[in-house]
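Dear colleague,

I am passing on the structure we spoke about, and below it I have set down what I found on going through it. Please read the notes with the structure open beside them.

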Amino acid sequence: MKNKLIIILFSEEKEKINYALGMLATAAALERPTELFLTGKSIKSFLDNKNYNNLNYAISDELISSLLELKTKITVCSGALNENNIIESELRKDIIFNISGLTSILNPKNSQDQIIFI
């Protein structure tokens with residue numbers, strides 16, 4: 001059993017977002033379980049709003065498509081939604097988001113998982 005790679009994405013910088021997506025897509029392609037945990041201002045890049053989009057690299061949409069095909073779990077921090085005054089219906093419609101808190105990834109059952117904070 002391969003350990004899950006969890007990336008906690010806090011940054012809203014497009015280069016960091018794109019790199020996080022690339023890391024996850026690579027790990028998922030290598031058949032490693034993966035999860036993207038969106039928190040802080042990073043969730044604004046996953047809004048269903050064309051006016052705010054830090055995913056403006058051409059490859060970002062391809063990476064997201066790959067993540068979805070490879071069954072990467074994408075979680076949005078419930079606290080970050082509240083902090084940013086965002087409701088779930090404002091998130092992208094093409095992605096199924098799990099809404100949860102930090103306990104979902106810091107749970108002792110995940111103690112063998114690798115967590116990277118970006």
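Which pattern does the chain follow when it is read along the sequence? In this model, which is a predicted one, the order is β-α-β-α-β-α-β-α-β, and the chain holds 4 helices and 5 strands.

As to overall form, the C-alpha trace spans about 40 × 30 × 20 Å along its principal axes. A compact globule of 118 residues would have a radius of gyration near 13 Å, and the chain, with 13 Å, therefore agrees with that expectation. Of the contacts with a separation of 6 or more, 75% are made by residues 24 or more positions apart. The accessible surface comes to about 6800 Å², and 52% of it belongs to carbon and sulfur atoms.

Turning to the interior, 43% of the 118 residues count as buried. The largest nonpolar core has 31 residues, and those with the most contacts inside it are Leu-21, Leu-36, Leu-38, Phe-46 and Phe-97. Among the elements that each supply at least two residues of this core are strand 1 (5–9), strand 2 (34–38) and helix 2 (58–69), while helix 1 gives the most, with 6 residues.

With best wishes

Conventions
Residues numbered from 1 in each chain as written. Predicted model: local features only at pLDDT ≥ 70, side-chain atom pairs only at ≥ 80, totals over all residues. Heavy atoms only, no water. Core = buried A, V, L, I, M, F, W, Y, C linked by side-chain atoms within 4.5 Å. Buried < 20%, exposed > 50% of the residue type's maximum accessible area, 1.4 Å probe, protein only. Rg over C-alpha atoms; globule rule 2.2 N^0.38 Å. Contact = heavy atoms within 4.5 Å. Areas by Shrake-Rupley, 256 points an atom, 1.4 Å probe, with all protein chains shown as cover.
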